[in-house]
2 protein chains.
Amino acid sequence: MNIRDIAAKAGYGVGTVSRVINDQPNVSEQARARILTVMEECGYEPNSNARYLKMQSQTPVAAFVMGVGNRLFGDILGPLQTTLAEANEDLVVTYLDDDADEVRAAIAYQNARHPKGMLFLGGEPRYFAEAFHEIEVPSVLVTGSAADLGFERLSSVTIDNEAAARCLCEHLLEHGHRRIGIIGGSKTGNQTSTLRLAGAVAAIRARGISFDIARDYEPCDFHEAGGYEAAQRLLDRNGDLTAIFALGDVIAFGALRAIVDRGLRVPRDISLAGFDDTSFSQYAVPRITTIRQNAEQLGRAAARILLANMHDGAPAAHEVGPFELIERESVRAL
Amino acid sequence: MNIRDIAAKAGYGVGTVSRVINDQPNVSEQARARILTVMEECGYEPNSNARYLKMQSQTPVAAFVMGVGNRLFGDILGPLQTTLAEANEDLVVTYLDDDADEVRAAIAYQNARHPKGMLFLGGEPRYFAEAFHEIEVPSVLVTGSAADLGFERLSSVTIDNEAAARCLCEHLLEHGHRRIGIIGGSKTGNQTSTLRLAGAVAAIRARGISFDIARDYEPCDFHEAGGYEAAQRLLDRNGDLTAIFALGDVIAFGALRAIVDRGLRVPRDISLAGFDDTSFSQYAVPRITTIRQNAEQLGRAAARILLANMHDGAPAAHEVGPFELIERESVRAL
DNA sequence: CCACTATTTGGAAACGATTCCAAAATTGTC
DNA sequence: GACAATTTTGGAATCGTTTCCAAATAGTGG
């Protein structure tokens with residue numbers, strides 16, 4: 001069942017049918033109606049391979065999501081996909097571990113199919129920096145800043161992680177905390193976490209309080225186990241901490257468990273804060289103070305920027321969305 | 001840069017180049033080496049649209065994941081993708097809400113691209129039952145049973161949810177619980193949850209204990225908020241429950257919060273059990289007793305079955321994997 | 001060295017769409 | 001009613017592969 005069959009059945013030429021399929025002008029109402037009817041009757045779907053072949057290869061927009069565990073990405077993807085769909089653009093999502101080799105392979109694979117655009121959610125920009133050189137289509141880094149990466153076709157959508165972390169730390173400081181520990185951000189370094197750490201440290205030092213990275217900070221991977229172990233190590237080193245700031249809710253969740261396992265209570269013995277406002281922080285016992293990113297806004301902004309890049313040839317843009325401090329029960333005033 | 005350019009540059013015909021690309025026999029070592037060199041030099045990648053068009057359209061295997069929040073699926077997808085990759089099959093994943101319309105649209109979209117095979121993770125089989133009629137490629141339902149659905153090309157990989165729920169309930173009963181409440185399974189019914197519910201109820205009634213669905217069971221959506229509300233309603237109705245069995249860890253997590261909000265403690269005042277052994281249950285305070293599915297085994301089995309269906313034309317298979325009761329702190333003996 | 005088979009090669013046809021240009025039909029004007 | 005301008009239509013050429021068949025080449029045994 002191809003376009004020629006439809007044309008024959010409808011009593012028109014393939015050109016006319018093609019024009020109907022693509023909503024192009026110069027087709028009589030009569031022809032359009034008749035052809036649509038026949039297409040409907042036959043359950044005809046244009047062959048996308050033939051189509052993309054002729055149209056100089058245009059597979060849909062490809063999205064890469066690094067870190068399946070992070071629920072924030074699910075919340076971003078929904079509105080993103082919706083916005084894209086409104087512009088009739090399809091989205092193919094690939095979920096990956098944030099591992100250099102895996103990321104490279106996945107990008108190479110999708111790149112070979114010449115998508116119209118690409119989206120990167122999470123993940124360490126360094127891992128795919130070299131892959132970017134091979135990408136010739138507009139791309140958006142979501143949840144990471146690309147402004148200083150210097151790739152011409154790479155836009156970005158993110159919040160000001162540094163400011164958000166500063167804001168959260170100031171909240172801790174205002175509640176009287178002076179000995180604050182920080183956990184999160186992989187040992188190999190990670191852009192987002194690095195920014196959050198910088199913001200937090202800046203806020204603390206701005207009050208004239210000393211913060212010794214080697215002593216008061218503990219890196220860890222982005223999952224519960226990482227947070228658990230990091231909190232253990234940090235508390236082993238520092239018996240006098242009154243608050244721990246985890247650079248992600250998932251990490252905070254692991255840390256919470258570690259704190260409890262030491263026989264301490266949150267927030268009575270120690271205060272705890274996270275980042276991202278996932279369901280973890282909302283439902284944990286106690287509920288965890290955190291920073292909320294507007295996932296819907298981020299998702300829509302990413303789609304909007306990508307569409308502008310793709311259709312109108314707009315230059316790369318770098319959008320910085322708002323954040324919000326969510327005060328819950330896990331932080332107490334001293 | 002197309003196959004003809006390569007052929008010309010290498011001094012061979014397009015047929016020979018095509019044979020090299022597809023690792024086919026009847027090519028001299030000399031020709032193969034020369035052509036590979038030229039391809040390498042030019043950074044040539046065969047156009048996949050042209051390729052799939054000619055090969056009667058064969059896009060990669062398509063996977064649909066219903067329920068982004070469920071971390072179990074992430075754990076299944078990893079080994080699944082690995083096994084597929086070993087057979088040189090690529091995987092395109094689509095994440096969806098478990099909503100009838102959305103699921104239908106996504107399946108239709110992927111189906112039009114004629115994938116080699118399809119995978120369904122989670123989701124309510126009823127939602128895509130009608131879509132199945134249009135699917136002409138082998139498919140595997142992961143985490144759901146298709147044995148009784150009667151689709152010829154639909155295999156399935158799952159655990160015996162009924163037996164697992166029975167096992168967990170027996171565990172509760174052995175610990176002296178007699179008034180057990182159950183939450184989970186959407187109001188509109190859901191295959192997996194229905195089986196779990198059936199197993200649980202059977203175990204309870206087998207002991208001669210009455211279980212009144214209308215009183216002792218409360219349906220809810222598969223997320224924390226659902227578990228929270230369901231637990232509230234259930235406890236409002238039944239002040240005498242000594243244990244709650246949530247048909248999913250996520251639900252258990254919400255329920256835990258609800259219990260605490262009523263001023264009760266787990267497991268002192270009430271015991272709690274979940275299902276799936278996600279990180280929630282592992283790190284929650286208290287740690288939650290649950291059923292573990294072997295995600296790696298399920299993922300690999302799904303890939304193996306699909307590959308057999310695709311390559312060897314094997315008939316649909318229905319594999320039932322093992323489960324394991326994980327005893328933690330949330331259940332106490334009365 | 002020939003006849004015959006097996007291997008290697010070249011290239012036309014096909015896959016199913018889009019795109020263009022020319023032809024046909026319609027509309028408008030005087 | 002004739003002619004120009006415009007809209008609508010048909011269909012060949014094209015995109016970059018694979019697949020087939022025929023042709024060329026290499027290999028073998030007598």
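Biologist: Which residues in α9(A) are buried?

Modeller: Bear in mind that this is a predicted model. Buried here means under 20% relative accessible area. By that cut-off, the buried residues of α9(A) are A:Gln191, A:Thr192, A:Ser193, A:Arg196, A:Leu197, A:Gly199, A:Ala200, A:Val201, A:Ala203 and A:Ile204.

Biologist: How far apart are the end C-alpha atoms of helix α9 of chain A?

Modeller: Helix α9 of chain A has 16 residues, 191-206, and at 1.5 Å a residue they should span 22 Å. The model agrees with that, because the end C-alpha atoms are 22 Å apart.

Biologist: And which residue with a positive phi follows α9(A)?

Modeller: Its phi is near 80°. The residue is A:Gly208.

Biologist: Which side chain has an N or O atom 3.1 Å from a phosphate oxygen of DNA strand D?

Modeller: Let's go through some phosphate contacts. The side chain of A:Thr16 puts an N or O atom 3.5 Å from a phosphate oxygen, and for B:Asn47 a polar backbone atom is 3.2 Å from one. The 3.1 Å distance belongs to the side chain of B:Arg51.

Biologist: How many residues of the surface near DNA strand D are charged?

Modeller: That surface also holds 11 nonpolar and 11 polar residues. The charged ones number six.

Definitions and conventions
Residues numbered from 1 in each chain as written. Chains lettered and ligands numbered in written order. Predicted model: local features only at pLDDT ≥ 70, side-chain atom pairs only at ≥ 80, totals over all residues. Heavy atoms only, no water. Helix = DSSP H or I, 4+ residues; strand = E, 2+ residues; numbered from the N terminus. Expected span 1.5 Å × (residues − 1). Buried < 20%, exposed > 50% of the residue type's maximum accessible area, 1.4 Å probe, protein only. Polar contact = N/O pair within 3.5 Å; in protein donor to acceptor, adjacent residues only side chain to side chain. Nonpolar A, V, L, I, M, F, W, Y, C, P; charged D, E, K, R; others polar.
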